[in-house]
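User: I would like to go through this model with you, one topic at a time. Shall we begin once it is on the screen?

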Amino acid sequence: MISDLQRDRLAYRRSRSRRSVLVAFASTVVFAAVAVLAVTSSPGWPRVRQSFFNAEIAWRTLPALLDGLWLNLRVLVVCEVLILVLALGIAVLRTLRGPVWFPVRALATGYVDFFRGLPLIICLYLIGFGLPGLRLSGIPNDPVLLGGIALVLVYSAYVAEVFRAGIESVHPSQLAAAKSLGLGHAKTMRIVVLPQAVRRVLPALLNDFVALQKDCGLISVLGAVDAVRAAQITASSSYNFTPYVVAGLLFVLLAIPSGRLADWVSRRATNRQGA
Amino acid sequence: MLKKKAVMAAVALLAVSACAPVDETPTAAGPATGAACAKDKLATLAAGKLTFGTDEPVYQPWFVDNKPESGQGFEAAVAYAVAGKLGYAPADVVWTRVPFNAAIQPGKKAYDVDVNEFSITDERKQAVDFSSPYYDVAQAVIAPKSSPAAAAKTLAELKKVKLGAQVGTTSYDAAQRLAPEQQVAVYNTNDDAKAALGNGQIQALVLDLPTAFYVTSAELPDATIVGQLPRGEGKPEQFGLVLDKGSSLTPCVSGAVDGLRSDGTLAKLEQEWLATAGNAPELK
Amino acid sequence: MTVEPLEPVLSVRGLVKSYDGKRVLDGVDLDVGEHQVVVLIGPSGSGKSTLLRCVNLLEDLDDGQVLLDGDDISDPRHDAGKARRRMGIVFQAFNLFPHLSVLDNITLAPREVHGVPRKVATQRALDLLDRVGLSDKANSYPDRLSGGQQQRVAIARALAYEPRLLLLDEITSALDPELVGEVLALVRELAGQGRTILMATHEMGFARQVADQVVFLDHGSVVETGPPEQVLGDPRHERTRLFLRRVIDAGRI
């Protein structure tokens, strides 16, 4: 049971909020109308629309772009899985303590330093063209495979550092508790540290995933036709930039679910644990 | 958040379309000669100098040692010959480097004339001006002797082969016209394509015929020319000098090229630089 | 008739530990017999936590020995992991694993370290939770529990594998006053069951009631040790008296 005073207050707040919703709606409509009018009546608009937003060309090039995007997607999924596995391995190797593991730690650190510094495009050329040129037996020759290997090598270095940051952010008291229970290093990592570390760095991991979505297209320098290359082919023959605009939009659409997935996962993780 | 994105997008669009386009006036058809093309009347980028553009790097037999200034190589020689016809001494010729794809984009140019094995096509004419043609070109297919493509004698056999070509070129168009069973591999440059050919990542490469001869004789000795490809729509493919769309220089430059053809200079230069481009079988 | 004294469960001899050149523990000697409750008191910085951590081999010793049931566990040749399995430690900050449920927290060590099958471990864990009064929280996550409840879970976790020695490091210092009681009640019960306990605490009243022996630690050395009536009621050393007076003045006795 609420008092009359409170009832009045609630009524007032309700009417105020109704008013602000209407105002927000009206102002959005007016703003949108003004923006659209301003853009479409400006002198250069027909030329811009023809050059960047040509519906006919967009429709015509869409199948080729989707074909290319399908290649991007396949490379993306396979590479991401491999990257996560390799990066986790490297990060964990760097946590091994004791002099006997020194060469392993040094190798892991060296790997990270080298592949984080090496430009991806150089790595692509070295592995995509240079490696097969050596004609050593057992080396694959498929440009998509080689490009994928280059992507995995370079990105694992970045993601390994993300994992390492997560591992180091787990409070030392957790390690003390695990140690006091008698858990060895491997079990402490697997059961106590990594689950917490991975949850903490999920936003950073998903960030790198979105970056990978775009870098996947670079394998096109090795000859495979991905969405960007498909756009380039049609754009260069028609002198119209609409294919690029459409390809760009496709990539943006691809990135949106990843962003929302990241939000959902971290919300669920923080709801489940206070850490 | 969405509203903010909408605002930014609207502002960007406004900025772009608010720049009123400068409409380019169409050129008068046909080459012109005589007084209208005197050196002092030509509106070149730099007064008294003729600026030629070409790619970085450039290859034989079109240029030698990547040095257009030497005048060595078929296209370098043609460029200096055209300049001479317009009254420019070799010292008045300036070279600038423009990537292949950038040279034929619409928009302002950093060169007066670009010379870089550009075939005259209707699509490209929408974006740039071409001079009269200075060379008739054929597309050819090269393959390592060990490749299955090397033994191909007909177009039908070539369809089964993994082909490659540089992006945005008429060589790529010619490869596409074959309707091969495997997707054509597309490379940023012919250097990348040649590397792929050497690795066996593609089985054959489509290039223009003179380049094909140079590559198989000097660069990839164990590659061979499989044959010439038929022309698209039966029309001969021809190289033309590229100028900015609606450039005032176009009639004069065309006139110069026509002059070189009629006085036999073009034929002489072809003989000097492209004679080794012998005959390759025409594939059907 | 002489009865051979039973070997103490824990024996600390001349323990020395330094941090950054400063001696935090300066030659500590301590014995905890079977079923005994030994309480460590002293001002902060006296080395109580460090002592417990050294006993549990969470820190390296700079000198001295720690003997558990007669075995020198501080010997580097001795497997530290094996030694820790015979001890349980409860921390001031509970240190529960936040991503595991209460039940998983408790069954973790038995399953992973002591090889107890999952069903058996779960049953024992539920029994333990029942004894500490938290059986309805078995599937909850630590962040949903109050401080007192979390600390009781931490104690259950330390007991899950039946350690020889229970180490309690100021387990009520981080709790709100009204939650301290439930945790101390549990410790009293454990003491009554005959557990061997070494605990550091500020709760003097509790120490007086439950301890068999009280050890006053100051600046890294044992100043006084004896039964609670003596150390807490009628201390022999001036420093002990000084410390107790300060504690009384703060209203904590």
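**Helix packing, domains and a chain contact**

User: Which residues of helix 3 of chain C meet helix 4 of chain C?
Analyst: This is a predicted model. In helix 3 of chain C, the residues are Leu103(C), Ile106(C), Thr107(C), Pro110(C) and Arg111(C). They meet Arg118(C), Ala121(C), Thr122(C), Arg124(C), Ala125(C) and Leu128(C) of helix 4 of chain C.

User: And what classes do the residues of that contact divide into?
Analyst: The contact of helix 3 of chain C with helix 4 of chain C has six nonpolar, two polar and three charged residues.

User: What about the geometry? At what angle do helix 3 and helix 4 of chain C pack?
Analyst: The angle is about 130°, and the axes of helix 3 and helix 4 of chain C are 9 Å apart. Angles of 65 to 115 degrees count as roughly perpendicular and those over 145 as roughly antiparallel, so helix 3 and helix 4 of chain C are oblique to each other.

User: Is the crossing of helix 3 and helix 4 of chain C left-handed or right-handed?
Analyst: The crossing of these two helices of chain C is right-handed.

User: Now the domains. Which domains does the assignment give for chain C?
Analyst: Domain 1 of chain C comprises 1-86 + 164-253, and domain 2 of chain C comprises 98-163. Their C-alpha centres lie 25 Å apart.

User: How many residues does each of the two domains of chain C put into their contact?
Analyst: Domain 1 of chain C contributes 13 residues and domain 2 of chain C contributes twelve residues.

User: Which elements supply the domain 1 side in chain C?
Analyst: Strand 7 (165-169) and helix 6 (177-192) of chain C each provide at least two residues of that side. The largest share is that of helix 6 of chain C, with four residues. By class, the domain 1 side in chain C has eight nonpolar, no polar and five charged residues.

User: What does the domain assignment give for chain A?
Analyst: Chain A has domain 1 (4-41) and domain 2 (54-272). The centres of these two domains of chain A, taken over C-alpha atoms, are separated by 44 Å.

User: Last topic: how many residues of chain C and chain A are in contact?
Analyst: The contact involves 18 residues of chain C and 20 residues of chain A. On the chain C side, helix 2 (80-84) and helix 3 (102-112) each supply at least two residues.

User: Which helix of chain C gives the most to that side?
Analyst: Helix 3 of chain C does, with three residues. The side of chain C that touches chain A has ten nonpolar, four polar and four charged residues.

Notes: Residues numbered from 1 in each chain as written. Chains lettered and ligands numbered in written order. Predicted model: local features only at pLDDT ≥ 70, side-chain atom pairs only at ≥ 80, totals over all residues. Domains from an automatic or database assignment. Contact = placed C-beta atoms within 7 Å. Nonpolar A, V, L, I, M, F, W, Y, C, P; charged D, E, K, R; others polar. Axes fitted to C-alpha atoms, helices over the stretch in contact; angles between N-to-C directions. Parallel < 35°, antiparallel > 145°, perpendicular 65-115°, else oblique. Left-handed = near helix turned anticlockwise from the far one by under 90°.
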